[in-house]
Amino acid sequence: MKKFLSIILITFSYSFEVANAVGEYGAVASSKKQSSEIGVQILKNGGNAIDAAVAVAFSLAVTHPSAGNIGGGGFMVIRLANGEVTTIDFREKAPLSSFKDMFLDSTGTVIPGKSRYSAQAAGVPGTVYGLGYAHEKYGTLPWDILLYPAIQLAKYGFDLDYHNVRILNSERYKTLLSHDKESMKIFVKDSPFKINEKLIQKDLSNTLSRIAKYGYLEFYQGLTADYIVDCMKRTGGIISHEDLISYKVVERNPIEFDYRGYTIYSMPPPSSGGITLANILNQLELIDLAEYSPRSSEYIHLLVEIEKRAYADRAEYLGDMDFVNIPLDEMISDEYAYDRYSTISHRRATCSKKINHGIINVMEESEETTHFSIVDKYGNSVSLTTTINGWFGNGITVDQAGFLLNNEMDDFSIKPGYPNMYGLIGNEANSIVPEKRMLSSMTPTIVENQDGDLFLVLGSPGGSTIITTVAQILINLIDFNMSLKESVESKRFHHQWLPDVIQTEKYSFNPDLVKSLNKYGHDIKIRSSIGEANCIMLDTLGIKYACSDSRRGGASVAY
Ligand code: DON
């Protein structure tokens, strides 16, 4: 009996460690249980991964109001069953009347908070266009059916979970949302929100119904557009009808590179995700990691030194490639990785001040986020990261429309060398220009195994830490042979060149490891948790293993 029990326990703990949900046909890993269930229902009804992505994204705008959105933007990597890979860039744009120094005063000093908590912090939203475009081109089920679950959840309310409640009740976000009378009506009340309390969003349900009935362009040309412009008048914002009418998504080729025989597809600029991930992993490929353990100071030192160089390059070269010339092929080449890696000492940390960007001859021609992953039974997959930037964006809700606006303008380099919300600095490549897209770190990624079959769909929120989160999950899986669950749950660390410090989660480094890293010359800072990955892995039989990070309570569903 005892033996029998222990076999059950071993089996249980084994399957728990591998993933949160396992299925033969399809899977959805997202930040919210209701949204993952909606996605799987669409898949069960015969929809493909793109249909499910549309339904999940709209439902997250209801169930995850701090990050899910229709007032923001994002990126989507799609791998079709035939192996074709494409990306859709639905990032926000700078409004037509924006200008380079709009967040500086007459002396050239940054006006505190203006790029984050004012109406002018909002870029022209791209989410609804992105979902509409993806559906038109790659979806199969009727548009209104895909919006229906989100409309119902907004109209009749959804049960708040622990994470919703924690953030809505926090002093910081209560204060932010109290600055706007429309936000206050929906998201602020005298008594604390309770777990399982229903949050009803009537205006949002009407907006979603209009989009369902008239199509995605309603947001840009219909009543919703009027409401956005009304809101701008009320709050001093600058998004105009012209901005909304001229907004377009861009379908782009993915960044594609090889890592130890796996083919990795990720997002090109205006996200820095794909290039910076390639820069990091191409350098790491020069090291045989079999010699190191994941918690050895040698490995952490080398990965951190690589990250410093990759983020220094990000700050110098990256921006919207429709506006600036980016040496893309060179930055993801093995030769460039070799040059960058050869400046690393195995014994000493290089002080970030001494690290400059790599030398590339640029040809002077022209110039709180959520991630979900979906795989369907046909073999299509979607990796989608979307955001309004900070939790609850700029805190302003569009009058009569019930959705929050983003504060994505802070992702521009508002002044050369001045850090954004995530401490990232930037340069001319990422300066504000009307209609330009601000640089992002979002890294929705899809990986094929050595045989060219779908292997992994992954991504995470977390601002500047998104890229290193995705990199560490890949390294844990591919190099350290961890299970998917272990790869995701494993403690993370992060370096972004400036500030010159290794940021790490609590209990990640033991005191001996800290001492040893200090000896290399690294400073270490413990911070709040890093990222919230939602991933799906496939084995060679095509079984789907879905995994949601326990850090923010995401949920995976498979069938
Ligand atoms: O695009 C970016 O890189 C940021 N706006 C993402 C923000 C984010 O991940 C917030 N999440 N916790």
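What volume does the second largest cavity have? About 80 Å³, and this is a predicted model, where local features need pLDDT of at least 70, side-chain atom pairs count only at pLDDT 80 or more, and totals for chains, interfaces and linings use all residues. Residues are numbered from 1 along each chain as its sequence is written, and side-chain values use heavy atoms, with hydrogens and water left out.

A cavity here is a set of points, on a 1 Å grid over the protein atoms alone, where a 1.4 Å probe fits but cannot get out; lining residues have an atom within 4 Å of a point. The volume is the space filled by probe spheres set on the points.

Now for the largest cavity: the ligand takes up that space (more than half of its atoms lie within 2 Å of the grid points). Here are the two side by side, with Gly counted as polar.

| Cavity | Volume | Lining classes |
|---|---|---|
| Largest | about 210 Å³ | ten nonpolar, twelve polar, five charged |

Around the ligand sit 16 residues (a heavy atom within 4 Å), and Glu 368, Thr 369, Glu 408, Asp 411 and Gly 463 are the closest. Asp 411 also turns up among the lining residues closest to the centre of the largest cavity.

As for polar contacts (N or O pairs within 3.5 Å), a polar side-chain atom of Thr 369 is 2.5 Å from a ligand oxygen. Ser 441 puts a backbone N or O atom 2.7 Å from a ligand oxygen. The protein covers 98% of the 340 Å² of accessible area the ligand has on its own (Shrake-Rupley, 1.4 Å probe).

Conventions
Polar contact = N/O pair within 3.5 Å; in protein donor to acceptor, adjacent residues only side chain to side chain. 1 Å grid on protein atoms, 1.4 Å probe; cavity = no way out; pocket = protein on both sides within 12 Å on 5 of 7 lines; lining within 4 Å.
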